[in-house]
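Me: I'd like to learn how to read a few features of a protein model. Could you walk me through them, one by one?

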Amino acid sequence: MAGAARDTPERPEAEEEEYRLSVCRKLCYAIGGAPNQVAGSAAAFFLQIYLLDIAHITPFQASLVLFIGKASGAVTDPVAGFFISKSKWTKMGRLMPWMLACTPFTAVSYLLMWYLPPFVSGRVVWYLIFYCLFQALTTLFQVPYTALTMFLSTDQKERDSATAYRMTMEVLGTLIGAALQGQIVASAHHSHNCTTNPPLNTTSPNDSWHDSPSYPEPSDSLSHQAEVYMIAAGVIFGVYLLGLTILFFGVKEKDDPYALNSDRAIPFCKGLKLTMKHGPYLKLTASFLLISTAVQLEQSNFVLFCTHAADLRNHFQYLVVTILVSAAVSIPFWQKFLQRFGKKCAACGISWMIPFAVMLVTIPNPILAYFVAFVSGLSIAASLLLPWSMLPDVVDNFRLQNPHGKGQETIFYSSYVFFTKISAGIGLGISAASLEFTGYKPGLCRQSNDVILTLKILIGAVPAVLILGGLFILLFYPITEESRRETKLALEVLRRTHQSTENLDEHTEDTSV
């Protein structure tokens, strides 16, 4: 009895030591997710202009590729959540096998997504197939990878710290992807590669909805443009393999340290219903659904805007790097800020990009453009860090209200990504279709005034409205810093009570024997 009394107070300290994460493990975890961000950044900034100006498919066809591709990734999210939640524990863990299995196929599909096939009439089908595959396989990695946060530690500070490491590395991955892609393919978008005599406003914008481009494809120039895009894709292919190796050897998945040992998994459909009825989750998802769509619109149209609407054709790759360097270096700042002032307060930083983006649209000056890029990077960093830092708090809140169920982590993460991808796909599809409707002509140095106005709206007005709407919804998010602390204490009491009950049962069995 005396020994038991002495052991009791030491247990929390031992558990705290057990679930404390080393810097090396946090770095390995963070590096493991970077390749997806490298590839996603390259696609976000350059895929639309590649499809239009290199692959020479119409804007309407490009809108189909972007929307259906995003939709395929979104549909994969709940499917992945279902099968992962049913997975059994293996020697590598429950989540790690999924990441190991899908990454090689993801890398191959990404490589083929940038290949220019020799045929012309069926190119849209080629890009549709491989972009859909890339989005679906990316989801099969991202769902278990993000859910892995809950299986690294039960301590909120450790999870927040791991999330900050991950977001810093993902922003660096985004920077690397955009910088590599931008520097390698910059020569494909110089002014000598475009047509200088555009037939502006000579036809109705609607005439091009189903027509093929009516300009010749210069074989030498096109061959060079396609080659530099394939070189960039090959470099990112190698990044995928390196990231997977570091993740596998550097991260140890714990056997569900989050749930009580005797809990039974909630059936997927019932768990999904409970998730969709959880108020904090709905508010968080609705808020960042709008904000992430705004960021996606900025990313996908930024190069087009610089090229055709702001006369910044020779600056776009450096502007992209400025945005991402600013985002990368500001992640630690935002992590400290949200720890001191709270996560809801940190969300105000997302709105900083609005006035500066409007200034860039109205005054397209190179010096102003670089300043706008710097401030936008600060806002993008906040928009990337906050949802993934707040989602574990939502899961904790749900666990407190449903203490005898487990296996909900992948449902929360997969359904969150599902909604954000659907909204981003709709936004990207509408933006590309808007360019088609206003008469965008691939390969021209100078687009029509209607196209230029559309690009300004897509860069300025639309993201501003979406961000303001998302921040308004976030005002009603109920989890505060005080409630987070209360939830943490309540969950610790539940775990200790459960462990004490189990120890008492074992002692009773031993006595009876």
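Reply: Let's start with accessibility: a residue is buried under 20% relative accessible area, exposed over 50% and partly exposed in between, using a 1.4 Å probe and protein chains only. Phenylalanine 119 has 36% relative accessibility, so it counts as partly exposed. Keep in mind that this is a predicted model, where local features need pLDDT of at least 70, side-chain atom pairs count only at pLDDT 80 or more, and totals for chains, interfaces and linings use all residues. Residues are numbered from 1 along each chain as its sequence is written, and side-chain values use heavy atoms, with hydrogens and water left out.

Me: Is glutamate 170 buried or exposed, and what does it touch?

Reply: Glutamate 170 is buried, because its relative accessible area is 4%. Its place is in helix H7; helices here are DSSP runs (H or I, at least four residues; strands are E, at least two), numbered from the N terminus. Contact means heavy atoms within 4.5 Å. Not counting residues up to four places away in sequence, glutamate 170 touches Gly33, Gln37, Gln142 and Tyr145.

Me: And what about threonine 307, buried or exposed?

Reply: Threonine 307, in helix H10, is buried, since its relative accessibility is 6%. Leaving aside neighbours within four places in sequence, threonine 307 contacts Ile49, Arg313 and Phe316.

Me: How do I read an aromatic pair?

Reply: You describe a pair of aromatic rings by the distance of the centres and the angle of the planes. Rings of Phe, Tyr and Trp (its six-membered ring) pair if their centres lie within 6.5 Å; planes under 30 degrees apart are stacked, over 60 edge-to-face, and the rest tilted. This structure holds 22 aromatic pairs. Take phenylalanine 119 and tryptophan 126: the ring centres are 6.3 Å apart and the planes are at 70°, so this pair is edge-to-face. There is also an aromatic cluster formed by Tyr50, Tyr110, Trp114, Tyr127, Phe134 and Tyr229.

Me: Which residues have the most contacts inside the largest nonpolar core?

Reply: In soluble globular proteins, nonpolar side chains tend to be buried together. A nonpolar core is a set of buried Ala, Val, Leu, Ile, Met, Phe, Trp, Tyr and Cys residues joined through side-chain atoms within 4.5 Å. Here the largest one has 128 residues, and Tyr50 and Trp114 have the most contacts inside it. H14 supplies the largest share of this core, 15 residues. Among the residues that tyrosine 50 touches, beyond four places in sequence, are Met113, Trp114 and Tyr229.

Me: How many cavities of 30 Å³ or more are there?

Reply: On a 1 Å grid over the protein atoms alone, a cavity is a set of points where a 1.4 Å probe fits but cannot get out, and lining residues have an atom within 4 Å of a point. Points are joined across faces, edges and corners, and the volume is the space filled by probe spheres set on them. That gives six cavities of 30 Å³ or more.

Conventions:
1 Å grid on protein atoms, 1.4 Å probe; cavity = no way out; pocket = protein on both sides within 12 Å on 5 of 7 lines; lining within 4 Å.
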